[in-house]
Amino acid sequence: MAENTTEAIPQDPAVQDESLFLQAIKEFFENRVAALGLVILIFMVGVALLAPYIAPQNPYDLMSIDIMDGKLAPGSTSFDGSISYWLGTDTQGRDMFSSILYGLRISLGVGVVSTMVALVIGAIIGLWAAYVGGKTDAIIMRIVDLQLSFPAILVALILLAILGKGVDKIILALILVQWAYYARAIRSNVLVERGKEYVEAAKCLALPQRRIMFSHVLPNCTPELIVISTVKVASAIALEATLSFLGLGMPITEPSLGLLISNGFKYLQSGYYWISFYPGVALLILIVSINLVGDRLRDVLNPRLKR
Amino acid sequence: MLAFLIRRISQSAVVLLVMSLLVFVGVFYIGNPIDILIAPDASPAEYARAVHDLGLDKPLWEQYGIFLKGALHGDFGNSFVYNEPALKVILDRLPATLELAFTAMLIAVIFGIPLGMVAGMKANHWIGRNIMRFSILGFSLPTFWVGLMLIIIFSVHLNWLPSGGRGETVMLLGIPVSFLTLGGLAHLILPATNLALFKTSLAIRLTRAGVQENMQMDYVKFARAKGLPETRVIGLHVMKNIMIPVVTVLGMEFGSLIAFAVVTETIFAWPGMGKLVIDSIGVLDRPIIVAYLLITVTMFIIINLIVDILYSILDPRVRLGQER
Amino acid sequence: MNENNTPYLQCEGLSRAFVKKLDFAGRIARSLGSNMREERVQAVDSVDLSVMPGEVLGLVGESGCGKSTLGRMLCGILPRSEGKIYYKGQDVDTLKGQALKEYNVNVQMIFQDPFASLNPRKRVRKIIGEAPLFHKLTTSSELNDYLAKVMLRCGLDPSYTHRYPHQFSGGQRQRIGIARAMAVQPECLVCDESVAALDVSIQAQILNLFMELRNELNLTCLFISHDLGVVEHISDRIAVMYLGRVVEVASVDDIFNNPFHPYTKALLNEVPRLDRRGVDFTPLEGEIPSPLDPPSGCHFHPRCPRVMDICKTEKPVDTEVAPGRRVCCHLATMP
Amino acid sequence: QTLTIGLKGEPTSLDPHFHNVTANNEQAIYVFDKLIRQDSRQKLMPGLAVSWTPVSDNVWEFKLRKDVTFHDGSPFTAEDVKFTIERIPTVPNSPSSFTGMVNAIKKIEIVDPLTIRFHTDGPAPLLPRNLATFNIISKKYGEGATTADFNSGKAAIGTGPYMLVEWKRGDSIIYKRNDTYWGEKQPWETIIAKPITNDGTRVAALKSGDVDLINFVPPADVAHLSKDAKLTLAKSPSTRLIYLHLDSDRDDTPMVTDNDGNKIKNPLKDVRVRKAISKAINRKAIAARIMDGLAVPAAQMLPDGYEGTSTTLKPEAYDPKGAKALLAEAGYPDGFKITIHGPNDRYVNDGDITQAIAQMLTKVGIKTEVNTMPKSVYFGKASKLEFSLMLVGWATDTGEHSNCLSALLHTYDKDKGFGSSNRGRYSNPKVDQLLEEALVTVEPKKHNELLVEAVELGLGDVGIVPIHYQVNVWAMKKDLNYKGRTDGYTLPRATSVAN
Amino acid sequence: MSTPLLEISNLKTHFFTRAGVAKAVNGISLTIEKGEVVGIVGESGSGKSVTGFSIMGLVDEPGRVVAGSIKFKGRELLTQTVDEWRSFRGNNVAMIFQDPMMTLNPVLRIDTQMIEAVRCHKKVSKKEARKRAVEALAMVGIPSPEERVKAYPHQFSGGMRQRVAIATGLLNRPDLIIADEPTTALDVTIQSQILSEMQQLCRKTDMSLMWITHDLTVIAGLANRVAVMYAGQIIEEGAVESVLDNPLHPYTEGLVGSVPSRNHRGEPLYQIPGMTPSLINLPEGCSFRMRCPKATSACLSEPPVTDLAEGRRVCCFHPNL
Ligand SMILES: Nc1ncnc2c1ncn2[C@@H]1O[C@H](COP(=O)(O)OP(=O)(O)OP(=O)(O)O)[C@@H](O)[C@H]1O
Ligand SMILES: Nc1ncnc2c1ncn2[C@@H]1O[C@H](COP(=O)(O)OP(=O)(O)OP(=O)(O)O)[C@@H](O)[C@H]1O
Ligand SMILES: [Mg+2]
Ligand SMILES: [Mg+2]
């Protein structure tokens, strides 16, 4: 009877052999707004990475800037006529366009690095807690719960007040703020996944526990982590901007978008709107596009998980 | 219930202790407040006297011990800057922050939930889609930036609303509030809106997700099959189920509203405790910083407790203290 | 049938309790007079059972009576609270190394949910092929042929090894699950409600597949189900469970023609059957009690039509009422 | 009529002696009076004292004003003065008290209710200056009063032009006119002082009409506010000097390396390098571009016209070539690497100024990195000498040069209280000697000459690098008038209705 | 002949999804007489539930009744206004769902949910409505209903919940109850309790029952008549005995054959090859053609409906006559 059961599989070449990844991508692009968000995001990441090559000026090079060019309106040229400032200049005579490119680089860098490190740390701790269970788990999770019950901004505020300014410090603060989130997410995910029958099946096949954990359970938790971490990158960037705005984040010489906005804040009403406005726009576009992508990823990745 | 309370209280005690210790040590390492506070032309003798007066010459552990002893009696020490009990200085400003946070929450609920309902029920309609787009925007806009824009638009350009401060207050049950006078209300609108924006988006999303999830449920179909009018199906059956996550999440978020008030208060010169603590960090006024944190943390703990109790009331399936 | 008299799998006094301990706050609260207590579910309560080589043992019972828990313990994927399991006459606790591995590999489980039991992020090739590669039953170069063989045997087209589970229908997924187990060449299958989630026509396909595999490979089988019709169809012997305890074990004929235990009788009476038309349903009263707080004495006494005083206080003992037929009921020990 | 003022700083206390800080001193003048007032250019003027004369080298005699009453109607007498001076060192927990202003006084002698004599340890030429810094409180209410009593208004009973009505913490302080005030008639019935720390918000509050007058208008807003037809501005140069300290004492300074990052001997000890740094700074550009014209390039520590100012010192001209030449001469033809530190929340545009200076130094070959930090961290580190080159500000509240000379250029001497803010540890025995001599010279002309000489010497040595004096700006509604003050105070009595 | 209680003719309910039009119900005709118990069987996805929802006017969003008519006591339902639908539902016809865990609103008390069901159809006092609720609960065999009515659904076991749902359906004494697999999620012993309650209710009250299930054995014990559905169509219909003992359609035959039964213990079961086709692109002609052992080229066109005696109908080119 085995013969007539084999033909039960419908011949549907469209679905054949396509990886989950490709499918997810296809599905992702069905939403045009999200696709636009992704394109913009990729563009911004590219621009940020290439900032040193495409920026008309290196805003960190004190030799190349001159306060005589300070506060020039968008479209002006420098007093020696060498550069034209599309988006104007700040008080130090830095080209805002270049500053934004470099600022984008720092904002994205801080957001991505802190999120990644927090993700790794959180994932390891969460996985460990779920794996070991018992008292260790209970203690870790209490700590996690506690940390999560405090608003991120408050925790970051305290940390930065204690740590001081600096890229490393703010990254550290953002990591400390975020790790618990991942630890909890991955732990609960692992616990859910571990209870599923396919894990029992793997156990039953006498596969070693570690292999089950890493090659069966973990991959099934990743989509969720991807979604969370995308959205978290956006909120890390926003948080960094807010902290910088409050004067607690980046040092003045390494302006992230948030700090650029903050630096221009006092000039906002004075008519020098561009010093604050354009970095603000860049920040907005960046965060909105990340969130658009994250939102769509949630739609695309999650139903498959639930199935 | 009893076990739940015991668990909570013991946890809270540990948190408060660890928190105070961390901040104590942290502030100690940032610097000496006297460096900032003292008149720059003061003599070293005067400097030494000030340091001694404020007890800053004692070893750190001794200072902490003194603090702990006081704290157990409800005395967090005198503010270095204000020379008044830190607790009093903060409690003076607490009503302003709470009023701001409550108003913001109210705005978030009043706008967020109906919009979320619409977005959930008309998910594929342009209205629903646009509400969702708005909510992404609301999610993304950093609070401080929105605050600036609000001031520029509504106070500077249109000159409709005051740009900062609290305006007139009247006493309500011994607490100064500003929402009872027109002037006070005018001062309240912008900062509250600013603070509410993020939570509104959150409320929209939560409600929408809830509506979409619950509308699929069999009990909705069953309610319809009973012949109930749609208003009751949505207004009672669906609503009550949605309210569970919305109330709990928003309740938890109330804590973060208080924390985010730091930003809004700074921008709108709102005389709350958030602004106070930013200023205090600036001058290393340790008693205020520590007292602020202990008070906010206690507030979070109480809020979380209330939320948990509320949750167990709203959702009959849940017993107090169970994990969700 | 195999004439060997050592059971393939045997358990003695096998128990499993799920305990939710009180945390420190709970203990304090209790010492302060709150009525908190540990939540203890005795899912399986000292079960003695044996499965002979080549035999299909059916295990029936109502939901929550501990069937799956028992099955999992026998497969070695759930730790026991108490009791012993003997694999081919050997205590599995004493097994080490190769022998332990042999036990683990030889006893395989087939699951209920065709959706949850396959890893959604792995292709069929990996799902079926991972374990045989790991256990060196085949090599990577021969894997394709090996897979083709296994898949064909389980009624799957071998050309679909690159697909993901969600691209298959429920019946096919169940076949993949079976193929996964068969790929390690087991001698014994524990089927936990393996057809419960399938449509009748698909269920028939899978049941046929089981019977085929069993006949061809002389598999030993523990077939867990709450569907008496299915169990009756496929089993040689049947064990009936009620609230963690096995109340009756007998051959299919004995159980269906001449049930002894009042619970078995009631159960049989209630099974709807194709050949019973327009019947008056005369149900067993009451519901299965909570395992958190099981009745004293014989667990079944609150629902038993023939309840006696002794049933309320004393736990009945396992009695052999006829050769190969065991009942756990006070009626059996009555003179 | 009500005047609503938007203030940058909120007082920490209404106790006039608790904390010697501008925001508190300013509010204290609303309610209290000083013995000696400072006019808008910080010249001394009679206040509660109508005259003060040295009776001998060690004794000052003050004649007090007649018919002055406190808000409650009780008369003001020498007893109140004595009480005030004796209270000052005893204010508990004060983070910064006025003790330094009165510790020269060894004995107070009340000659009659309106005459009082101060006996000092030695000659005390600065005593009138010092007594012009704090306010006189009522003995009746001040006895045993705590800071809280002043805040609540219970003890805030002064002789001043306004009476405290209520302090709403963080929101406003409300005063009403004292109709029995001895001094000039006050135009305002009610004063509401609102602290609005955020610059942008303060400006916006004025533009939207919430407040009538604001202080510390940020330079960047001056241009567009002056275009606003509904508003008008008042400017006044201030005694707030922005300058650089250079580590000119240690051989090994923490923030300097050669161009490859190796430690080198402190180049800042060399006066030529200090001079080069001064020459490299384009003060005019900073004033024009960073400060929007609201700064006056500085050559010394107080603007022209104050006691002890030199007439020969001129702001160092921008001379990059000269700077390079000097560097080469000092043995640094390729410059070196240095980090400049500055606060970012203390002075007007402090972060920007620091960056601009870094830019300018870099252009003459001194590769400069910038590090700015909040004042809470900055001043502690600066006092611990963790920096080599730092931006600081100094406001001489007493309005004469000995104050800043002793704090900034006198050799650091912990015991005698000299050089307390000399974070570059500049030391020149000649300067020390001149200053110390001036401090015991009561005769005004001699006193002044000694100071001028010390200033010229210290600045010729580039003990500090003066950058500029800030210009204070007030903005108000068109129908108001404010007479700007060099000390930056915003006083209702200086506010009048324009005609 | 009097008007039947319910008369469905050529009903088509389609779902307009993004992937295409799913013809969930594709032209079915069925009548239910007063007091009759009709079973609907078929595999998952064959359109059983959608048929039920169509009668209740509760077809979900992308779905629409596109053709046909449903007459209740001679009155056409499909042209009703929204308000008429509302007062029809729960009053004339009640429906019970499969999963007892999901059909009751978890956050509302049982009394709330029952009282509202009474009061949205009849203007009675709360007290009166509560009395009715308690009576209904007693009728389905819930012990001490006065107290239990105040409980929340989660305080009941699955079987009890299903009884509450049934009691809720009975509140307004409907003429017809549509039961959509109400016992599938329950244990055998509980299932037979429910079946017994329903059986007695029907006998006592002369109520009609439409019992949707995929379990032929339940139908065998409970129903008078049975309709077998396949891919949105009724392919065979008739009295239970005749359909089960003498299936005419090859699909029915396969279905009956695939149920394990005492008579062929241990033997291979009859096995319908393949699986249910996607409702979005049904094959031309007979939808069972691909899986049918008897299929011929004739099956490429729509199979005819053959009406036999006693309401027996089959829809096939090659019935086992
Ligand atoms: N991991 C666990 N933790 C706590 N209790 C458990 C756990 N697994 C099972 N139980 C409890 O043990 C009892 C027996 O469960 P088990 O799954 O073995 O029953 P079952 O007979 O397989 O039921 P079903 O027919 O519903 O599958 C149940 O009451 C269940 O609640
Ligand atoms: N909301 C919906 N959207 C799209 N298609 C639907 C929807 N509901 C039902 N369908 C389609 O209608 C078909 C029939 O569904 P229905 O629920 O009636 O099946 P059923 O016979 O009740 O199956 P089961 O035994 O699984 O309950 C399904 O295959 C599905 O394709
Ligand atoms: Mg089970
Ligand atoms: Mg259905």
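This is a predicted model: local features need pLDDT of at least 70, side-chain atom pairs count only at pLDDT 80 or more; totals for chains, interfaces and linings use all residues.
**Stop one: ligand 1 and its shell**

Select ligand 1 and then the residues around it, of which there are 13, with Ser63(C), Gly64(C), Lys67(C), Ser68(C) and Thr69(C) coming nearest. If you colour chain C by its elements, you will find that strand S2 (39-51) and helix H2 each supply at least two residues of this shell, and that H2(C) gives the most, with 3 residues. Colouring by class instead, you can pick out 5 nonpolar, 5 polar and 3 charged residues in the shell around ligand 1.

One oxygen atom is 2.4 Å from an N or O atom in the side chain of Ser68(C), while a backbone N or O atom of Lys67(C) lies 2.9 Å from an oxygen atom of the ligand, and a polar backbone atom of Cys65(C) is 3.3 Å from an oxygen atom of ligand 1. On its own ligand 1 has 630 Å² of accessible area, and the protein covers 62% of this.

**Stop two: helix H2 of chain C**

Keep chain C in view and select residues 67-75, which form helix H2. Why can this helix be called largely enclosed by the rest of the structure? The reason is that 7 of its 9 residues are buried, and buried here means under 20% relative accessible area. The buried residues are Lys67(C), Thr69(C), Leu70(C), Gly71(C), Met73(C), Leu74(C) and Cys75(C).

**Stop three: ligand 2 and chain E**

Move on to ligand 2, which is surrounded by 14 residues, the closest being Ser44(E), Gly45(E), Lys48(E), Ser49(E) and Val50(E). Strand S1 (6-17) and helix H1 (48-56) of chain E each supply at least two residues of the shell, and H1(E) gives the most, with 3 residues. By class, this shell has 5 nonpolar, 6 polar and 3 charged residues.

Around the oxygen atoms of ligand 2, look for a polar side-chain atom of Ser49(E) at 2.5 Å from one of them, and for a backbone N or O atom of Gly45(E) at 2.8 Å from an oxygen atom of the ligand. Taken alone, ligand 2 exposes 630 Å², of which the protein buries 68%.

**Stop four: the strands of chain D**

Chain D has no contact with chain C, and the closest C-alpha atoms of the two lie 42 Å apart; chain D does not touch chain E either, with the nearest C-alpha atoms 46 Å apart. Select strand S11 (residues 172-177) of chain D, which is mostly covered, since 5 of its 6 residues are buried. On one side, S11(D) pairs in the antiparallel sense with strand S10 (residues 162-168) over 6 bridges, and Trp167(D) has Ile173(D) as its bridge partner. Between these two strands of the hairpin there are 3 residues, and Gly170(D) takes a positive phi near 80°. S11(D) is also joined by 4 bridges to strand S12 (residues 190-195), again running antiparallel, with Thr190(D) as the bridge partner of Lys176(D).

**Last stop: Thr4 of chain D**

Finish at Thr4(D), in strand S1 (residues 2-7) of chain D. Is Thr4(D) buried or exposed? Thr4(D) counts as buried at 10% relative accessibility, and its contacts beyond four places in sequence include Ile192(D), Lys194(D) and Asp210(D).

Technical notes: Residues are numbered from 1 along each chain as its sequence is written. Chains are lettered from A and ligands numbered from 1 in the order in which they are written. Side-chain values use heavy atoms; hydrogens and water are left out. Buried means under 20% relative accessible area, exposed over 50%, partly exposed in between (1.4 Å probe, protein chains only). A residue is near a molecule or strand if one of its heavy atoms lies within 4 Å of it. A polar contact is a pair of N or O atoms within 3.5 Å; within protein, one must be able to donate a hydrogen and the other to accept it, and residues adjacent in sequence count only if both atoms are side-chain atoms. Accessible areas come from the Shrake-Rupley method with a 1.4 Å probe; for residues, only the protein chains shown count as cover. Ala, Val, Leu, Ile, Met, Phe, Trp, Tyr, Cys and Pro count as nonpolar, Asp, Glu, Lys and Arg as charged, and the others, Gly among them, as polar. Two strands pair if DSSP finds at least two bridges between them. Contact means heavy atoms within 4.5 Å.
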